[in-house]
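Try each one before you read its solution.

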Amino acid sequence: MTYIAKPKFHHPGLKKNDLGYTHRDYEGKISTLCAGCGHDSITASIIEACFELSIEPHRVAKISGIGCSSKTPDYFLGNSHGFNSVHGRMPSVLTGANLANRDLIYLGVSGDGDSASIGFGQFAHSIRRGVNMTYIVENNGVYGLTKGQFSATADRGSKSKKGVTNTDNAIDLVAIALQLGATFVARSFSGDKTQLVPLIAAAIRHKGASFIDVISPCIAFNNHAGSTKSFDYVREHNDAVNRLDVLVGRDPIAVDYAPGTVQVVEQHDGSKIALRKIDADYDPHDRLGAQTFLARHAAKGQIVTGLLYVDPDAEDLHAHLNTVETPLNTLEADTLCPGSAVLDRINASLR
Amino acid sequence: MSDKKPISSVNDFVVRFANVNGSGSASANEMFARAILRHGVPVSPRNIFPSNIQGLPTWYEVRVTEAGHLGARGGVDMMVAMNPQTWDKDVAGIEPGGYLFYDSTKPMPSTKFRDDITVIGVPLTAITNSTYTDPRQRQLFKNIIYLGALSALLDMDPKLIEQLIGEQYKGKEKLLSSNVHALHLGRDWALQNLKCPIGLQVKKSDKVGDRIFIEGNSAAALGAVYGGATVCAWYPITPSSSVAEAFTAHCKKYRHDPETGKAKYAIVQGEDELASIGIVIGASWNGARAFTATSGPGISLMTEFIGLSYFAEIPAVIMNIQRAGPSTGMPTRTQQCDIIACAYASHGDTKHVLLFPEDPAEAFEFAAAAFDLAERLQTTIFLMLDLDIGMNHRLCRPLKWDDARQYDRGKVMTAEMLEEGRDFGRYLDVDGDGIPYRTYPGTHPTKGSYFTRGTSRDRYARYSEEGTVYADNMQRLVRKFETAQDLVPRPLQANAERPTKYGVIYFGSTSPAMDEAIGLLEARGHQLDRLRIRAFPFHSSVASFLAEHDFVYVVEQNRDSQLRQLVVNENGIDPVRLVPIVHYDGTPITARFIAKAIGDHQDQLKVTPLRKAVS
C-alpha cells in the first residue's frame, strides 16, 4: 500500500554515487502493482538510471496520467514532487510545468491507454513542440486497472485473456513519435534492464523530446498465449538494433553483452552515448531510415528495440519560445510588471 | 418628403453602419467613433458581426451620448446603409424621423425608401471610381469618403479626423495624405451638394475627461501582464482569441529582457482547450502564474481539469469571454450564460470563484487580482467577461497601478522554512482559514516533496480512501471557500434617494444599461436600491441586501436567470422575492428593456388602497 513507508535502514556498504546518494535515496513507496508486473521493472530501471547519472532526486518532477503505469511515480524518487494528473493529460501538465521552471528534469510516465487512446492528441502535440522531457510509455496493450480491455497498441489478431480477438489496427507510438519529430526515440522491454537503464539515462540527458516505448507485459491480463505483449512473445520477437552505454564524465555503465561496432554520439550537454551496434547497417541519425526500418520489421512481426533515432543537437520548446534562462516561476513584480509610468503612457495612447 | 419631422438632436443619437464583412469598413467606422470622442463627446460603439470572414453582413453601431450612457440604446437614428443584402431590414429599423445615408450611384426605386425618414444619397461609387483605379483602393477609400461626407452632415470638425488619420499613419506619408484626400473628397461633395448639417449634430464638449477607449479583452490581457502572468496557453475561440493575441502583443512590448532580448513569458497555442488548461495547471503547480482565455465550449471541455484544480488545490486563472450558448450557440453574440457552468464546474462537489468586471477598467484590475487570488486560494479563479465588454471599445476610467504593490504568492513553504523544521502537510489547515501550505517542486533535497493527485488523500497528501479523512478534506475546502468571500471584490451598493422596499441586483456588462435604466425608472416614479455583484462567493452584504428588501430584481443576460439561481441556492432564500429580469437574444441588454421590464412589474405590484378605490 502506498501509505506504508519503506524502512529507512539499509546496508552500510551500499554503493554511493558521485553525490553520495545510494539506491535507496532514489526509491519511493512500496509498489501496489501486481507481483511480477513489468512496470515495477521499469521503476527499478528509472531508479538505476537516476542513480547512475547522480541526479539530485528532488530536481526531478515526475508527472503521469491515470492508470497502472501512472501510479508508478509514487514508487520511485520519493523526494521528488510527483503529479498523478488526469487521464491522458500528462503531456500538457508536463509542458506547463516545464515552461514554469526549465531547470528541473521532467519525467513523464504514461501507459498505452493514457497515451495511445484518451491522450493520443496530447502525446502527439507535446512531441511536436519539442518539450524537454523523458516521456516513457509503459506499454502492455491492455487496460489493467479496469481489468483487461484491449488498448490501442494491442496488435490486430492478438487475443485477450477472455479469448476475444482484437480486430482493430494497432498504433505504434514509436513510429508516430518519429513522424512527429521527436529528437530521441527508443523502444525497449521491461524485462531487459541492460538495454533499458542506459536508454533512460541517455533520454534524461537529451535536451528535447525523448520518447521511450517500453513493452511491459501485464502479468494479470496480458501474459497469455495469443498475446503479443507477453514476456514469452516479446523475448522471441525482440530485434535489438543496438545496445548503449551512457558516459557522463565517468566510467560507462556496465553492460553485459558482446561488443559489436561502437559509435559514440555526443549529446548537447556533453554526455556521450556509446552505441554498440548489433545491426551493422543501422544509422540512428537517419529519421527516414528509422521509419523504414521500423515498418519493414513490423511487417515481419519483429519488435525493433534500441535507440532508433537521436538528434544530438536538438532544440527544445524554450529555445523556440526564446525564454529567459531564469526559471519563470522565480520572476517577481520587479521584472514582470511594467509599472505605472508605462501604464500612463498606455492610457495616453488610448485617448 | 418626410411625413414626420426630422429628428433634431445634438450629441445624443445612434448611428449604425451596415457593411459587408471583409470590406475594410471596420477601421473607417472606428475612426468615426474616435473622431466624436475627440470632440469631447462620449461614444459607445458596438460591433455586430457574423461568425464568418468575408461576405456576410456586419454592423457597427455608434451611440453618441453626451450624458455618458455607455450601454446599448436600441433603435437607430441614422443608418449608413452600405450593404444591399440587408437594405430592407436596415431601412425598416430606422426610427421615424431618422436619416438614411446611402450610395446613390445607382438609382433606387422609391419603394425602397420610407416617407417618414430623411434620405441622403451620396454617389460614393461614382466619386471613388472617378478618383481611383485600383480595386482594393476603391474599396478602402470608399469607406473614408463616406466618413468625410458624414463629417459634413453631422457638423464634425475635420481637423480632428485629420489628426486621427495622422496618428494612424504616422511615418507612412503616402497613406496619410491619400486618406486625408479621400476624407475631403466626401466632405466637399456633401458640403456642395447637400444641406449640411442635418438635425443630428456633434458639438464640442468636455464630457470625455481623462477616460480611455479600450476593448475589455485587451485590458484583461494587460491586467495579466501587470499581474505577473508568465505562462499563457490558449486555443482560438471567439470571442476570447483577442485576449491571447493582446497578451502576446503586450508581452512583446513590455516583457523582453532589454539586454538579452529574451522573453519573460511563454505563450503556447494548445491543440485544444484540454491542453490549454493542462498547461496552465502544470505551470501553476510549478509556481508560475498562468492563465488561459476561452469561451463556453472551452469551459465545457476544461471541466475535468477544473475539478482537479479544485480538489488538488492548484491555482489557475481562466478568462471566460462569454458568448451565447448552449453548444456552438451564437458565437458572435453576447450573453452572461456560463454563471452556473463556471460556479459549479466539474463532477463531484465543487465551487469556484468568479469575478464579474463591469468594463475594461475592472477587467484590468480583476485580471491582475485574479492571479493573487488564485495563488492565495490555490484554486481556479474565473474572470467572467462577455463579448460585449471583451470585443468592443468601451470608454472607461484610466488604468491604474500602484508601484508599491507586490504579488501575493500565497502560502508557499520555502527551503528555509522546511529547514527550520516547520511541519509541512500539503493539506493541513495550519491557520484555520482552510488554506494549506504548498511547496514548489525542487525546493529541498529531503523535505517538502509530496505527490499531487486527484484522488483523496490525508492532510499529509498520503493516499486514503477513509471516509472520515475524505470528509475532513471536503470540509476544509468549504472553509477555504468561506475565506474567499472576504478576499474577492465586494458588491457595490447604491441606494435610491428615498427609502424603498425594492432592490435590484445586476453584474458585469449590464452595468451601464442598469445605471441608465435607474434614471428612466425614477422618471416613472420607481425608486430602487442597487447592488452590483462583483464576485462569487457572495459577500455577506448580498444576504443583508436581500433581507432589507421585499422584492429584488435580478437583471441578467441569460434565459434561466442563472445568477438568481446561484443567489437562491447559496443564500437559501425564498425565490419568490427574487424577480428575474432576463435578456438573452444575443444583443446587449438596453436601459429601455430593463426600465420597461422592471417598470411593468412595479406597476403590477402597486395595489390601489381599497378606500380610495370605493370613494
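Two strands count as paired if DSSP finds at least two bridges between them. Keep in mind that this model is predicted.

**Exercise 1.** Find which strands pair with strand 13 of chain B, and in which sense.

*Solution.* Start with strand 15 (residues 380–386) of chain B: strand 13 pairs with it in the parallel sense over 7 bridges. Here Met319(B) stands opposite Leu383(B). Next, take strand 12 (residues 290–294) of chain B, which also pairs with strand 13 in the parallel sense, over 4 bridges. In that pairing, Val317(B) has Phe291(B) opposite. Finally, follow the chain from strand 12 through helix 10 to strand 13 of chain B: this β-α-β crossover is right-handed.

**Exercise 2.** Are the residues of strand 13 of chain B buried or exposed?

*Solution.* Count along residues 316–322: 7 of the 7 are buried. Then sort them by direction. Ala316(B), Ile318(B), Asn320(B) and Gln322(B) point one way, while Val317(B), Met319(B) and Ile321(B) point the other. In a regular strand, side chains alternate between the two faces of the sheet.

**Exercise 3.** Describe how chain B touches chain A.

*Solution.* First, the residue counts: 56 from chain B and 50 from chain A. On the side of chain B, helix 9 gives the largest share, with 9 residues. By class, that side has 32 nonpolar, 14 polar and 10 charged residues.

How values were computed
Residues numbered from 1 in each chain as written. Chains lettered and ligands numbered in written order. Predicted model: local features only at pLDDT ≥ 70, side-chain atom pairs only at ≥ 80, totals over all residues. Contact = placed C-beta atoms within 7 Å. Helix = DSSP H or I, 4+ residues; strand = E, 2+ residues; numbered from the N terminus. Nonpolar A, V, L, I, M, F, W, Y, C, P; charged D, E, K, R; others polar. Buried ≥ 20, exposed ≤ 12 C-beta atoms within 10 Å, placed from the backbone. Right-handed = clockwise from strand over helix to strand, strands pointing away.
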